[in-house]
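Please open the structure in your viewer and keep the selection tool at hand.

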Amino acid sequence: MSRVLVTGGAGYIGSATVALLLESGYEVTVLDDCSTGHADSVPEAATFFQGSLLDGNVVKMALQGCESVIHFAAKSLVGESVLKPDLYRTNNVIGSQILFDEMDGAGVSRIVFSSSAATYGDARVQPILETQKAEPTNPYGETKLAVDNLLTDLAAQESFAAISLRYFNVAGAITRDGKWLAERHSPETHLIPNLLKATPSNPLKIFGTDWDTKDGTCVRDYVHVKDLALAHMQALAALVPGVHEIINLGSGGGYSVREVIDTASAVVGYTIPTEETQRRDGDPATLIASITKAKELLGWEPTLNLESMISDTFESIQ
Ligand SMILES: NC(=O)c1ccc[n+]([C@@H]2O[C@H](COP(=O)([O-])OP(=O)(O)OC[C@H]3O[C@@H](n4cnc5c(N)ncnc54)[C@H](O)[C@@H]3O)[C@@H](O)[C@H]2O)c1
C-alpha cells in the first residue's frame, strides 16, 4: 500500500493513527518536533524524522516517497494561544503553509487535516453542521480556520484533494505492541485524563454549575481516539482532486460534565473527588457535532462509547 506522511505522529491522536495505518498495511513516515509529542510513541515500523514543519528542508526529506499527508502537527492549547497568539500563528499557519509549499514542489496533493470544533466558536445552533458560520473565539481556533481556508484555495487553484476533519472532544487510548498510546499532554487540559488524576486534596474542578444545560454543567461531544483514527483512513480513501471537504467528527450526542464524572466513578469503582468553581471565560454551554456528513461522505460512524473512552484511559495509567 502507499506511503503516508503523518505530521504530529508522535502526539496523542497522531500516534494512534500511525498505529492503525501500519496495521492496515500502509507505509508511514512521521515528522514531529516532539515539542508536545513523544518519540517513544512512534512505532519502530514507521520512518521517523524528528524536526519541525518550519524547516522546509526536513519537510522535503520527509515527503520523499509519500503519496498523501495526514497533518496533525499543531499547538493546541486554547489558553496558551491567548497568551502567545504569534507562536500559534507561526507554528500552526506558517508551518502548514511551508508543508503545503513542499507538497506542491514534490507533487503530493492529497491531504487530510486536523481541524477543530474550536473553529465554530460559541455556536448557538446544536448539533453543529459544517455549514454553520465559523467564528472562532480564540487564536487557536483562528489558526485552524486559517489552515482550512488555505486548503480551500489549494483545492481550487492547484487541484489539491483535501479533507479537514473538525474533531470535537477526543478521548480514550489504544494499544500497539502491548503498549498503551494515550494522552500525555503537559499541561493536561482534557476532562477524562484529569478526572482520573483527581484526589481528595486535588479534586477535579467543575467550571460552572449554572449553565443552561440539563444539569447546569457544560455539555460536550466525545469521540474515541480509535474511531477518530479510523476516520482518517476513510478520509484518505474519500479524497477527490480539486475538492476540499470539511467534515465534523464526534458522536452526534453530548454528555454533561457531571454525567462524565458519574460514568467515570462507575467505571473506576470510586467517587471521583470534585470541586465546584466559577465558569471559565470563553466556555460555550454546549458543543455537539452533527455527524451526518461523516456518515454520508466517509461511511464513518463511532463504535466506542464513553465507558470505553474512560476505561481505556484508566487502563493506560495503571
Ligand atoms: N485532542 C483533541 O481533543 C483535539 C480536538 C480537536 C482538534 N485536535 C487537533 O488534533 C491534532 C492532534 O492533537 P493531539 O491532541 O494529538 O495533540 P498533541 O500535542 O499530542 O500532538 C501534536 C503533535 O504535533 C507536534 N508538533 C507541534 N508543532 C510541530 C511542528 N511545528 N513541527 C512538527 N511537529 C509539531 C507535537 O510535538 C505533537 O507530537 C492537533 O492539530 C489538534 O489541534 C485535537
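Which residue forms a salt bridge with Lys293? Select Lys293 in this predicted model; its partner is Glu245, and the closest N and O atoms of the pair are 2.9 Å apart.

Next, colour the two domains. Domain 1 comprises 3–171 + 222–249, and domain 2 comprises 177–221 + 252–316. Their C-alpha centres lie 23 Å apart. Where the domains meet, 36 residues of domain 1 are in contact with 35 residues of domain 2. Together they bury about 3,200 Å², with 61% of this area on carbon and sulfur atoms. The interface of domain 1 and domain 2 has two salt bridges, and 18 residue pairs are in polar contact between the domains. On the side of domain 1 that touches domain 2, select the elements that give two or more residues, including α1 (12–23), α7 (225–237) and β13 (244–249). By class, this side of domain 1 has 20 nonpolar, 10 polar and six charged residues.

Now turn to the backbone. Most residues other than glycine have a negative phi, and most peptide bonds are trans. Select Cys34, in the loop between β2 (27–32) and β3 (47–50); although not a glycine, Cys34 has a positive phi of about 60°. Then select Asp177, in the loop between β8 (174–176) and β9, where phi is near 50°. Asp177 is exposed, with a relative accessible area of 66%.

Finally, visit two cis peptide bonds. One joins Gln126 and Pro127, with omega about -10°; Pro127 is in the loop between β5 (110–116) and α5 (139–158). Another runs from Ser186 to Pro187, with omega near 5°, and Pro187 lies in the loop between β9 (179–181) and α6 (191–197).

Notes:
Residues numbered from 1 in each chain as written. Predicted model: local features only at pLDDT ≥ 70, side-chain atom pairs only at ≥ 80, totals over all residues. Heavy atoms only, no water. Helix = DSSP H or I, 4+ residues; strand = E, 2+ residues; numbered from the N terminus. Buried < 20%, exposed > 50% of the residue type's maximum accessible area, 1.4 Å probe, protein only. Domains from an automatic or database assignment. Contact = heavy atoms within 4.5 Å. Buried area = accessible area lost by both parts, 1.4 Å probe. Salt bridge = Lys/Arg side-chain N within 4 Å of Asp/Glu carboxyl O. Polar contact = N/O pair within 3.5 Å; in protein donor to acceptor, adjacent residues only side chain to side chain. Nonpolar A, V, L, I, M, F, W, Y, C, P; charged D, E, K, R; others polar.
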